[in-house]
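Subject: Structure for you, with notes

Hello,

Here is the structure I promised to pass on. My notes follow below it.

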Amino acid sequence: MMKMKPWIHAVLSLSLVTGTAAVLPGQAFAASGQVTSDYTKARIASAVSLRTSPSVEADKIRYLKEGENVTILNETNDYWFHVRDVRGTTGYISSNSKYVRTGYKAPTSRVSFTKVTATEAARKVIAAGKEYLGTPYEFGSSRSDTKTFDCSDFVRQAYLDGIGLKLPSDSRSQGKYIKRKGDVKTDWKELEPGDIMFFMEYEGSKASDYKDVDKLSERITHNGIYIGNGKILQTYSKKSGGVRIDTIEGSQWEKRFLFGGSPL
């Protein structure tokens with residue numbers, strides 16, 4: 001049985017407005033209502049391309065001119081914003097401060113909460129994630145819909161749907177949050193259901209391919225959700241079929257594993 005974790009501070013990069021019920025150790029908040037969001041307003045600081053996807057190779061919709069206002073719908077990753085212009089057109093722009101100035105309004109989410117145990121919260125996250133089994137993979141997927149996912153978008157959506165917890169948008173930011181919480185495990189066999197697993201880049205199929213790797217300095221390139229019994233719920237390529245469940249032991253995932261932990 002999974003041991004109890006401390007109660008959730010359901011606040012990450014966004015602030016969550018909850019009820020006033022007392023929270024006891026071993027309990028967690030889980031969303032019981034519809035999440036709504038106020039989006040961040042931003043201003044274009046220098047002409048920048050509005051593109052169809054978060055890539056410099058993506059088709060250009062138009063140029064956004066200096067002084068135009070846009071609404072940031074999501075921070076897709078460390079380098080791109082998903083935005084809507086004043087015409088109602090949506091697309092992706094560089095998040096570099098050279099091109100866009102943010103900070104006009106801090107985003108918030110409002111949702112009603114009920115108290116559950118951390119064990120139940122993890123169960124809800126895993127159940128929510130399994131609802132998306134087979135959903136296609138797309139690198140740099142939109143954080144504003146659930147038609148496709150990349151790895152960190154899927155993890156984020158499972159936590160959002162399951163307990164109303166809005167994690168950062170990309171895997172490295174999610175990894176930093178776990179480390180700040182201090183609940184970090186470098187042996188995947190010590191993980192508990194609901195923990196997020198983080199991985200380095202693929203170097204090969206043999207254990208010897210990772211023999212001299214300093215995992216403390218490796219960059220996160222992938223993540224997924226540990227669901228217990230040596231299994232991971234994740235998505236990582238179009239070829240693999242989208243969201244799926246994989247066995248960890250003896251696989252590339254065991255060799256590439258960096259650390260894991262819970263955001264709860």
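First, a term: buried means under 20% relative accessible area, exposed over 50%, and partly exposed in between (1.4 Å probe, protein chains only). The model is predicted, so local features need pLDDT of at least 70 and side-chain atom pairs count only at pLDDT 80 or more, while totals for chains, interfaces and linings use all residues. Residues are numbered from 1 along each chain as its sequence is written, and side-chain values use heavy atoms, with hydrogens and water left out.

The whole chain

The chain has 4 helices and 17 strands. Both are DSSP runs numbered from the N terminus: helices are H or I with at least four residues, strands are E with at least two. Of the 264 residues, 50% are buried. Contact means heavy atoms within 4.5 Å. Among contacts with a separation of 6 or more, 64% are between residues 24 or more positions apart. The accessible surface is about 13100 Å², with 49% belonging to carbon and sulfur atoms. That area comes from the Shrake-Rupley method with a 1.4 Å probe.

Threonine 71 and its strand

Threonine 71 sits in strand β7, residues 69–75. Is threonine 71 buried or exposed? Threonine 71 is buried, because its relative accessible area is 7%.

The side chain of threonine 71 makes a polar contact of 2.9 Å with that of lysine 41. A polar contact is a pair of N or O atoms within 3.5 Å; within protein, one must be able to donate a hydrogen and the other to accept it, and residues adjacent in sequence count only if both atoms are side-chain atoms.

Two strands pair if DSSP finds at least two bridges between them. Strand β4 (residues 40–44) runs antiparallel to β7, with 4 bridges. Here arginine 43 stands opposite asparagine 69. Strand β8 (residues 80–85) is also antiparallel to β7, with 5 bridges. There, threonine 71 faces arginine 84. β7 and β8 form a hairpin with 4 residues between them.

Helix α1

Helix α1 covers residues 118–130. Its 13 residues should span 18 Å, and the end C-alpha atoms are 18 Å apart, which agrees. The expected span is 1.5 Å times one less than the number of residues. Its buried residues are Ala118, Ala121, Ala122, Val125, Ile126, Ala128 and Gly129. They cover an arc of only 160° around the axis, so they lie on the same side of α1. The arc is taken from the directions from the helix axis to the C-beta atoms.

Best wishes
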